[in-house]
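Work through the exercises below with the structure open beside you. Try each task before you read its solution.

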Amino acid sequence: MEKEKVSVIVPVYNDEKYLADCVDSILHQSYQNLELILVDDGSTDNSAQICEDYRERDNRVRVLHKVNGGVGSSRNAGLAMATGDYILFVDNDDWLADDHIKKLYQHLKASGADIAAANYTEFRMADQTYRIWISDDDYYERDYSIQEWFKRQYRSGYYNMSQVFTVPWGKLYKRSLFRHIAYPIDKPVEDDLTSWKVYLLANKVAYFNESLYCHRILSDSVTARVKRTALFPLEAVADRLAILSQIGFDTSNEIAAYRQRLEVCQNDALKDGDFVKYQDAMQKTAILKRYQAEQANGGTQENE
């Protein structure tokens, strides 16, 4: 059952406090045929030394030290180093249940899917509490076609499926899916711009509603620091609309999301000091309003 190797990629940056918890949870997995790729993104604390210590202790650990370039560049570097049959991403301050990889692998193989995905638990450091998305009674399994999977993208109130859809972690992927995938290196949040492209290259997603990943929420996490216009990028939805409309997918959810993110740009871009983004959002909103008004009035008459 363990003839196939899993490449686990962990972007590392200044996480000396929690890195050992993360790495130990990976190395102690019940599925042992893995390589752990630690990409040190120019850390200035003790993280680089911690990576080296693990490399000396376990021959499954590989380490790359690179100039700081952001999490996207670290994922790209890890993918370039990967030699496994499958890819698994883990954030450097999170940790895995002991059977995380084994269960993902079993579901992927049993279903013949290119991707297996599971749910997660959120641990909030501020008040030391777990936010449990699901209970044992909520367990179910389902193989989703890619069109069905995309319908879960904005279902935030349904077992937090919107987050499950967007993040790269919590999933096991066939490595071949990343042949032409590159994470953006100039964005503070890269997953919303990238994850959906990986799905479109897959045959189906084997999902099971079980929490096997613990996501640590820090008060100074990336999502806590970045602006809303970066956390909910308009360009991600525009890109999806351009592709999904051409391959025959239902785009109604994307259209609604595009309008919502336009509002975010209108409300936040000027406060962020991004006048160009603000003006662009105002222009697009004006265009939409104009043609919505014309449609409501029965359209305009063409000049004879």
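**Exercise 1: A loop residue**

Serine 219 is exposed, with a relative accessible area of 68%. Exposed means over 50% relative accessible area, buried under 20%, and partly exposed in between (1.4 Å probe, protein chains only). This is a predicted model, where local features need pLDDT of at least 70, side-chain atom pairs count only at pLDDT 80 or more, and totals for chains, interfaces and linings use all residues. Residues are numbered from 1 along each chain as its sequence is written, and side-chain values use heavy atoms, with hydrogens and water left out.

Task: Locate serine 219 and say how far its C-alpha lies from that of methionine 125.

Solution. 
- Step 1. Serine 219 sits in the loop between β10 (204-217) and α8 (222-225). Helices (H or I, at least four residues) and strands (E, at least two) are DSSP runs, numbered from the N terminus.
- Step 2. In sequence, serine 219 and methionine 125 are 94 residues apart.
- Step 3. In space, their C-alpha atoms are 7.2 Å apart.

**Exercise 2: A glycine**

Task: Is glycine 84 buried or exposed? Which residues does it contact, leaving aside neighbours within four places in sequence?

Solution. 
- Step 1. Find glycine 84 in the loop between α3 (71-81) and β4.
- Step 2. Glycine 84 has a relative accessible area of 1%, so it is buried.
- Step 3. Beyond those neighbours, glycine 84 is in contact (heavy atoms within 4.5 Å) with Lys5, Ser7, Glu35 and Arg175.

**Exercise 3: The cores**

Task: Which residues have the most contacts inside the largest nonpolar core?

Solution. 
- Step 1. Recall the term: a nonpolar core is a set of buried Ala, Val, Leu, Ile, Met, Phe, Trp, Tyr and Cys residues joined through side-chain atoms within 4.5 Å.
- Step 2. The largest one has 69 residues, and Val8, Trp149 and Phe178 have the most contacts inside it.
- Step 3. Take valine 8. Leaving aside neighbours within four places in sequence, its contacts include Ile26, Leu34, Leu88 and Ile101.
- Step 4. A second, separate core has eight residues, among them Leu234 and Tyr258.

**Exercise 4: Partners of a strand**

Solution. 
- Step 1. Two strands pair if DSSP finds at least two bridges between them.
- Step 2. Strands β4 (residues 86-89) and β9 (residues 171-174) run antiparallel, joined by three bridges.
- Step 3. Leucine 88 has leucine 172 as its partner in β9.
- Step 4. Strand β6 (residues 115-124) also pairs with β9, antiparallel and over three bridges.
- Step 5. Alanine 116 has leucine 172 as its partner there.

**Exercise 5: Positive phi**

Task: What are the phi values of tyrosine 159 and asparagine 160?

Solution. 
- Step 1. Start from the rule: most residues other than glycine have a negative phi.
- Step 2. Phi of tyrosine 159 is near 50°, a positive value.
- Step 3. Phi of asparagine 160 is near 55°, also positive.
- Step 4. Tyrosine 159 lies in the loop between α5 (146-150) and α6 (161-166). Asparagine 160 is placed in the loop between α5 and α6 too.
- Step 5. Tyrosine 159 is partly exposed, at 22% relative accessibility. Asparagine 160 is buried, at 11%.
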